[in-house]
Amino acid sequence: MEKIAIIGVGYVGLVTGTCLAELGNHVTCIDLDKEKIEQLNQGIAPIYEPNLNTHIQKNIAEKRLLFSTNLAKALISHDIVIVCVGTPMDDDGSADMSDYFSVLKAIADFIKDTRPISRKIIVNKSTVPVGTGKKAELFLLENGVYLSEFSIVSNPEFLREGSAVYDFFHPDRIIIGGNDTESVKRVQSIYRSLYRSRNPIMLTSIEAAELTKYAANAFLATKISFVNEIANLCDTLNIDVSQVTKGIGADNRIGRYFLHPGPGYGGACFPKDTQALAFIGKENGVDLKIVNAAIEINNNQVSIIVEKIRSLVGDLTGKHIGLLGLSFKPETDDIRNAPALALIELLLQEGCSISAYDPVAMPNTQAEIGARIQYAKDAYHAANDANAVVLMTEWNQFRLLDLQKLADVVREKNFVDARNVYEVSAMHDHGFSYRGVGRHSSDGEKTVHLEDIELSYGGLSDF
Ligand SMILES: NC(=O)c1ccc[n+]([C@@H]2O[C@H](COP(=O)([O-])OP(=O)(O)OC[C@H]3O[C@@H](n4cnc5c(N)ncnc54)[C@H](O)[C@@H]3O)[C@@H](O)[C@H]2O)c1
């Protein structure tokens with residue numbers, strides 16, 4: 001059992017702190033946001049994340065989990081300090097490290113004011129540029145801390161919002177990068193109960209750990225952009241992309257995950273991490289062409305959804321759109337870089353009015369964009385009198401809509417399914433004109449059959 005301070009109680013800090021407490025560690029979570037801390041001390045999570053509240057309440061009751069705004073008080077008794085503050089995108093695409101270095105400054109001031117004090121292990125869980133571990137060390141030395149008083153360890157986070165608690169307890173890998181063997185061992189020990197049957201711990205250099213996080217996110221983002229590009233080609237060739245993705249995903253070298261076309265990736269990580277990696281490449285004279293292409297394709301994908309809507313309703317001016325889903329993916333209330341919000345901006349510019357529904361992300365959206373759109377009480381109210389219904393987030397409750405009820409409330413039966421949730425035939429059966437992403441969805445249009453391809457390319461036997 002270790003005593004751990006978590007600094008920054010956002011999606012990562014809160015999940016990590018709570019789950020480390022569940023593993024038996026004593027955890028104090030620190031944030032500058034007083035309101036958030038007060039709410040958490042009453043056992044209420046400020047974010048929506050499945051199963052999180054239960055673990056928070058249980059660990060508060062069992063006195064292993066505390067929330068506070070007092071960093072110094074936590075540092076006195078806690079030697080492992082996990083930094084989980086945000087590293088958002090700066091104007092030039094690089095990671096904005098101001099919160100991170102203000103935390104380091106506070107740690108440095110604390111150590112200077114309180115020495116002699118036990119050695120602090122500063123663990124970077126925030127996603128930080130390659131070289132941050134080294135920079136952090138120099139920063140602390142320049143701010144009067146002795147080398148013997150601290151060590152830096154990198155332990156990047158790979159959780160997925162929406163299944164973050166599950167991911168914590170079932171990690172594919174836990175990467176720990178560090179030069180100080182004793183510190184690495186202690187960080188390893190906080191996860192001990194997670195690996196009875198299979199040890200997911202991988203020990204690396206600090207720089208390799210830092211780069212692994214960016215490379216993993218960039219690879220996943222690239223997979224999404226790749227499949228979106230193929231889907232856009234399928235739209236033109238009138239091929240059903242799901243047949244193609246099934247075919248390529250069956251190859252174990254490719255894998256069947258992350259092959260779902262849609263409105264592009266969003267969230268707090270992929271957009272900023274791909275940009276930050278491209279920036280790191282540029283800074284070091286390496287043009288990361290694939291990463292840059294993934295970004296470019298993604299930046300255009302929401303416009304493709306707008307064109308799909310236009311193809312159904314014609315001129316968009318004055319058209320009313322029913323929007324289903326606001327969060328960047330299901331099972332989260334996170335709307336940071338959500339494709340639905342980018343779509344809203346484009347549709348408002350085109351002169352549309354919008355009525356939206358999301359099971360959990362409406363308060364965040366309201367706080368962000370206010371009354372520029374209407375907020376409905378359910379999917380059918382959002383669709384009421386709409387010229388087109390657009391499904392942007394594949395929440396489970398949008399997967400089994402009563403299509404007849406939907407058909408009865410809309411003004412025009414147009415459905416844009418940005419997540420390819422529905423069968424084209426089911427939509428047509430209810431009289432909807434339908435557009436998916438990379439699906440042969442228009443009535444009467446020609447589908448390219450295998451025989452056509454064989455004719456065009458002189459047979460497929462060589463492939
Ligand atoms: N959200 C994800 O899915 C995810 C996944 C993996 C990694 N990450 C990375 O983890 C880091 C945190 O991401 P997040 O989504 O949890 O961020 P977040 O914005 O949700 O939370 C950051 C928290 O840090 C607090 N904070 C800022 N400055 C502080 C300070 N000086 N002292 C104490 N608290 C301070 C803020 O008040 C906020 O509550 C980022 O680097 C991100 O890239 C995020």
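Author: Trp395 is buried, at a relative accessible area of 4%. The cut-off for buried is under 20%, so Trp395 falls well on that side of it. This is a predicted model.

Trp395 has an aromatic partner, Tyr48. The two rings are tilted, with 50° between the planes. Their centres are 6.4 Å apart. The pair links distant parts of the chain. Tyr48 sits in the loop between α2 (34-41) and α3 (52-61). Trp395 sits in the loop between β12 and α16. Tyr48 is partly exposed, with 31% relative accessibility, whereas Trp395 is buried.

The loop between β12 and α16 also holds Glu394. There the contact is a salt bridge, from Glu394 to Arg419, at 3.3 Å from N to O. Arg419 lies in the loop between β13 and α17 (424-429), so this pair ties together parts that are 25 residues apart in sequence. Arg419 counts as buried, at 18% relative accessibility.

A further salt bridge joins Asp385 and Arg411, whose closest N and O atoms are 3.3 Å apart. Asp385 is in the loop between α15 (379-383) and β12 (388-391). Arg411 is in the loop between α16 (403-409) and β13 (414-417). These partners are 26 residues apart. Asp385 is partly exposed at 37% relative accessibility. Arg411 is partly exposed too, at 49%.

Now the strands themselves. β12 and β13 belong to an open sheet of six strands. The order is β11-β10-β9-β12-β13-β14, and the pairing is parallel. At the edges stand β11 (374-375) and β14 (433-435). Each has a single partner strand, so one side of each is left without a neighbour in the sheet. For β14, three bridges make the join to β13. In one of the pairings, Val416 has Arg435 of β14 as its bridge partner. Helix α13 (residues 339-349) packs on this sheet. The helix touches β9 (320-324), β10 (353-357) and β12. Its direction makes about 175° with that of β9.

Back to aromatic rings. Phe415 and Tyr422 form an edge-to-face pair. The centres are 5.6 Å apart, and the planes make 75°.

How far can you trust the model? The chain averages a pLDDT of 93, and 95% of the residues score at least 70. Residues 444-463 are another matter, with pLDDT below 50. That stretch has 15 contacts in the model beyond near neighbours in sequence.

Technical notes:
Residues are numbered from 1 along each chain as its sequence is written. This is a predicted model: local features need pLDDT of at least 70, side-chain atom pairs count only at pLDDT 80 or more; totals for chains, interfaces and linings use all residues. Side-chain values use heavy atoms; hydrogens and water are left out. A salt bridge is a side-chain nitrogen of Lys or Arg within 4 Å of a carboxyl oxygen of Asp or Glu. Helices (H or I, at least four residues) and strands (E, at least two) are DSSP runs, numbered from the N terminus. Buried means under 20% relative accessible area, exposed over 50%, partly exposed in between (1.4 Å probe, protein chains only). Two strands pair if DSSP finds at least two bridges between them. Contact means heavy atoms within 4.5 Å. Axes are lines fitted to C-alpha atoms, for helices over the stretch in contact, and angles run from 0 to 180 degrees between N-to-C directions. pLDDT is the predictor's confidence in each residue, from 0 to 100. Rings of Phe, Tyr and Trp (its six-membered ring) pair if their centres lie within 6.5 Å; planes under 30 degrees apart count as stacked, over 60 as edge-to-face and the rest as tilted.
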